[in-house]
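Biologist: Thanks for sitting down with me over this one. Could you walk me through the model, chain by chain?

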Amino acid sequence: MRLPVQLILGGVLAGLFLALALISLVWTPHDVVALSIADRLQAPSARFLLGTDHLGRDILSMIMVGARTSLAVALVAVGIGIVVGVPLGLLAAATRGSLLDEVVMRGNDLVFAFPSLVIAILITAVFGPSAVNAIIAIGIFNIPVFARVTRGAALSLWTLDYILAARVAGKGRARISVEHILPNILNLLIVQGTIQFSLGILAEAALSYVGLGAQPPTPSWGRMLAEAQTMIYTNPWLPVLPGLAIVLTVLGLNLMGDGLRDLLDPRLRRVRA
Amino acid sequence: MLRYATLRFLSLTLSLIVASVVIFAVIEVIPGDPAAFMLGMNASPDTVAALRADLGLEGSVPARYLAWVGGMLTGDFGTSYTYRVPVADLVAERLKVSLPLAAYALALSTLIAMPVGILAAARRGRATDYGIMGATQLGIAVPNFWFAMLLVLVFAINLPWFSAGGFPGWEAGLWPGLKALTLPAIALALPQASILARVLRSALIETLEQDYIRTARAKGLSRGQALRGHALRNALIPVLTILGLQFSFLLAGAIIIENVFFLPGLGRLIFQGITQRDLVVVESVTMLLVFAVIAVTFLVDLAYAAADPRLRRRR
């Protein structure tokens, strides 16, 4: 089977940053916490491959650790969405038209109506800025997305003959949901998960840009951009690299999402909106 | 139609009630004592007590909730703790920046997305299509605040065409005002235009496969004529949905961009309210934004139902 081009390209891009994040767990070229004013604002050199920032920290090392922060926050936020949203969606579909279904769907509409970024900023401000609160703030808005996708896909499966057969065989709604519905919507959830993952990285960048994500001294791409902005007149190249890191990671994940969709479900081979 | 509208309106009212309870709970109940939260850790008990009385925090939780909702309904959004002016006045002042900015960005995004989306659909599967889809893929991946910084770098620092931030006020004239909003509007419009172009392209491709397009072609219309005369109008429904959503998103979502350019808009008002712990401002402005989103969705739904009777039966 031929792999879609987007999947390979996206996988390489996302894989590169995942590798950087993993390597940063055991090794970075320089210490990202140690400040060295003597080495401040250096141009790229053999010693500092991508140069240094205003506090003499190595940009490459910060981007590596920043990748770790971004990917971890977005990944856990997607996890929250799946763990809470998928069961809600399955439940709503299994009890179609019931009060429960209605409550789940109206609740979803409501979360969609909230300006997500404002609420995320509010949550991190009320409960204190930290990576954990950023995860919660982003994760909450993933819940209705997964609930809706799950319910929609599950509803169409419930009308199929093999589900009817399972019911005739005496299986309950909960067991059918787990044994027959869930495995068949897994493809869709993987694709949606990739999309939410990339949106989570953008959201994390925005939150840490306004100072409400991971706190110093933990490097994050958003805060690197915020710090670079104050020096944009004197050092116009500073904001370029962290921004590129965000763009390439998000682009990679989006391409992967498109490629996975083509691979897993050829019927959906229409370009994503 | 009337039945549909009534049902939708009831559902809208219910959503607003639930939303107001949630916002009230997050802001006034969860942090414990809002007065102590607003004044910070070093405030003396006397000051806190005075502020509590000032904010009307002495009443029971349900009484405070009803007072707040009652005020919102009669146009009294409370008084800002930091600015010492009614929140309604602040909102009115900030909307003079936020509304034009949202409209400007939406206009730019539509102007870019329409021709681009149509071109991609018309040249489906060819190099132009692939090029456009690649570019929009990039447009979606770019964080708008980073794009904003690059715009400042190029058009405010290297080329002195625009200022790097600030807003002179409409008193300075229409052109200086628009000029100050141009870079922010472009930064906001890029991701929106990318999404819109992709939606338009897939909607067009779907309609182009319908039977009535084949009929139109069989009658002798060229591909372009069929696209312009028949497909485009039918493809506009999903595009309008996205536009409605984007407008309400732009009102609230400009929060980061307004911070990049130091624009005195609604988003910056909320953001400052949050950092200065001015909970009265945050509470009322958040509620207004949620109201705007829900109301826009309601109007868009009604517009569809009026245009397409089939939608009235669906929920």
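Modeller: Happy to! Chain B has 14 helices and 0 strands, where helices are DSSP runs of H or I with at least four residues, strands are runs of E with at least two, and both are numbered from the N terminus. This is a predicted model, in which local features need pLDDT of at least 70, side-chain atom pairs count only at pLDDT 80 or more, and totals for chains, interfaces and linings use all residues. Residues are numbered from 1 along each chain as its sequence is written, while chains are lettered from A and ligands numbered from 1 in the order in which they are written.

Biologist: What does the C-alpha trace of chain B span along its principal axes, and what percentage of its residues are buried?

Modeller: The trace spans about 85 × 60 × 35 Å along those axes. A residue is buried if 20 or more other C-beta atoms, placed from the backbone, lie within 10 Å of its own, exposed if 12 or fewer, and partly exposed in between. Of the 315 residues in chain B, the buried share is 38%.

Biologist: Which part of chain A has the lowest confidence, and which the highest?

Modeller: pLDDT is the predictor's confidence in each residue, from 0 to 100, and chain A averages 86, with 96% of the residues at 70 or above. The lowest mean, 77, belongs to helix α4 (residues 116–126) of chain A, and the highest, 94, to α2(A).

Biologist: Where in chain A does pLDDT stay under 50?

Modeller: Where pLDDT is low, the predicted coordinates should not be read in detail. The stretch in question has 12 contacts beyond four places in sequence in the model, a contact being two residues whose C-beta atoms, placed from the backbone, lie within 7 Å. The stretch is residues 269–273 of chain A.

Biologist: Are α1(A) and α2(A) roughly parallel or roughly perpendicular to each other?

Modeller: Helix α1 (residues 5–26) and helix α2 (residues 59–94) of chain A have axes 7 Å apart and pack at about 105°. Axes are lines fitted to C-alpha atoms, for helices over the stretch in contact, and angles run from 0 to 180 degrees between N-to-C directions. Angles under 35 degrees count as roughly parallel, over 145 as roughly antiparallel, 65 to 115 as roughly perpendicular and the rest as oblique. The two helices are therefore roughly perpendicular.

Biologist: How many nonpolar residues does the contact of α1(A) with α2(A) have?

Modeller: From α1(A) come residues including F17(A), L18(A) and I23(A), which meet α2(A) residues such as M64(A), V65(A) and R68(A). Ala, Val, Leu, Ile, Met, Phe, Trp, Tyr, Cys and Pro count as nonpolar, Asp, Glu, Lys and Arg as charged, and the others, Gly among them, as polar. The contact has 1 charged, 1 polar and 10 nonpolar residues.

Biologist: Which element gives the most to the side of chain A that touches chain B?

Modeller: The contact takes 39 residues from chain B and 33 from chain A. Elements giving two or more residues on the chain A side include α3 (99–113), α7 (173–209) and α9 (240–264). That side divides into 27 nonpolar, 3 polar and 3 charged residues. With 7 residues, the most comes from α9(A).

Biologist: Which residues is L49(A) in contact with, leaving aside its neighbours within four places in sequence?

Modeller: L49(A) is found in the loop between α1 and α2 of chain A. With 13 other C-beta atoms within 10 Å, L49(A) is partly exposed. Its contacts are P29(A), P44(A) and L60(A).
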